[in-house]
Amino acid sequence: MTSYQLGILVILAFNLIAAYAVYLPLAAGQLNLGIAGFMAIGAYGAAFLTNEYGWSPAAAIPLGGLAAGAVALAVAVPVLRTHGIYLALATFALGQLIAAVFLNVEAVGAAAGYPVTTYVGAPWVIGAAAAAMLLVVLISRTRFALYLTAIKSDVVVADLMGLNIRALQVAAFTIGAVIAGAGGGLYAHHFSFVEAQHFSVLLSVYTALYVLLGGTQTVWGPFVGATFFTLLPELLRTSSQWRYAAFAALIILIMAARPQGLVTTALMQRLRRLGGAQ
């Protein structure tokens, strides 16, 4: 594998981690546009521990993820009182607020950025992406995932069934933030530099697009969406003048033809039947 191919694979791994962080809240009907803020918490938190206290990345990165989860847990109750577009706006504002805080904290470089002395190689990143995917796959096979689907389908019916709507939503929001924070910590140690400007609203929007394009009905939707967004622009690189226009046009056509996403429950059932027939 060439260094270019390895670099693309690493970018795909980061996109997968972010996509699965967004997927869990979306599975409960919550569009989180502040995922970049939680990634920033994990990135700066883990980098600060390795730089200033000499922690190993193996300890600092998970703790950065837990720090992001703690912040998500603290803000979840007021934020999740909103719904629909208001929830998206609330999480958008939260992500911008977090980035603005780090942009002005001198202890972590403020606007100049924060160099990270400890390096984490590509195998770490790829392994973490596989672990995040496996975690969400395991969660998807529990009653917790079934409850999230029920909440997304009809909150009133889910409430009549006796489900604790708020607790389940907070749990999905918090777990997503932990995954995002760990991904941010990996990003900081792989690229050896953190700057608040990277964790902008565009990062959150792109990540949400990965999941919406891939589909939210199954756990494989984020994988397909992140892979599509990562690899297709590279495949179109030969026509550099028109590749972004062609890419945008293709996305519009796909969303018009399949507004439910590329991967649906019906498609997965059809594939299982085909596999069983063979």
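Rings of Phe, Tyr and Trp (its six-membered ring) form a pair if their centres lie within 6.5 Å; planes under 30 degrees apart count as stacked, over 60 as edge-to-face and the rest as tilted. Keep that in mind as we walk through this predicted model, in which local features need pLDDT of at least 70 and side-chain atom pairs count only at pLDDT 80 or more, while totals for chains, interfaces and linings use all residues. Residues are numbered from 1 along each chain as its sequence is written, and side-chain values use heavy atoms, with hydrogens and water left out.

Let us begin with the overall layout. The protein chain has 12 helices and 2 strands; helices (H or I, at least four residues) and strands (E, at least two) are DSSP runs, numbered from the N terminus. Read from the N terminus on, the elements follow the order α-α-α-α-β-α-α-α-α-β-α-α-α-α. For 278 residues, a compact globule would have a radius of gyration near 19 Å, and the protein chain agrees with its own 19 Å. That radius is taken over C-alpha atoms, and the globule rule is 2.2 Å times the number of residues to the power 0.38. Buried residues account for 47% of the 278 residues in the protein chain, where buried means under 20% relative accessible area, exposed over 50% and partly exposed in between (1.4 Å probe, protein chains only).

Now for the aromatic rings. The whole structure holds 10 aromatic pairs. One of them joins F14 and Y187: the ring centres are 5.8 Å apart and the planes stand at 70°, so this pair is edge-to-face. Because F14 sits in helix α1 (residues 3-27) and Y187 in helix α8 (residues 165-191), the pair ties together parts that are 173 residues apart in sequence. F14 and Y187 are both buried. Y187 also pairs edge-to-face with F199, at 5.9 Å centre to centre and 70° between the planes. Here F199 belongs to the loop between β2 (193-194) and α9 (201-214), so its pair with Y187 of helix α8 links parts 12 residues apart in sequence. F199 counts as buried because its relative accessibility is 1%. Together, F14, Y187, F191 and F199 make up one aromatic cluster.

What does S192 touch, leaving aside its neighbours within four places in sequence? The residues in contact with S192 are P115, V116, Y119 and Y187, contact meaning heavy atoms within 4.5 Å. S192 itself is found in the loop between α8 and β2, and it counts as partly exposed because its relative accessibility is 26%.

Compare that with S204, which lies in helix α9. With 1% relative accessibility, S204 counts as buried. Not counting residues up to four places away in sequence, S204 touches L33, G34, I35 and A36.

Finally, look at the nonpolar core, a set of buried Ala, Val, Leu, Ile, Met, Phe, Trp, Tyr and Cys residues joined through side-chain atoms within 4.5 Å. The largest such core has 82 residues, and F38, Y44, F102, V194, F199 and F228 touch the most other members. Helix α1 supplies the largest share of this core, 15 residues. F228 is in contact with L213, P233, F247, L250, I251 and I254, leaving aside its neighbours within four places in sequence.
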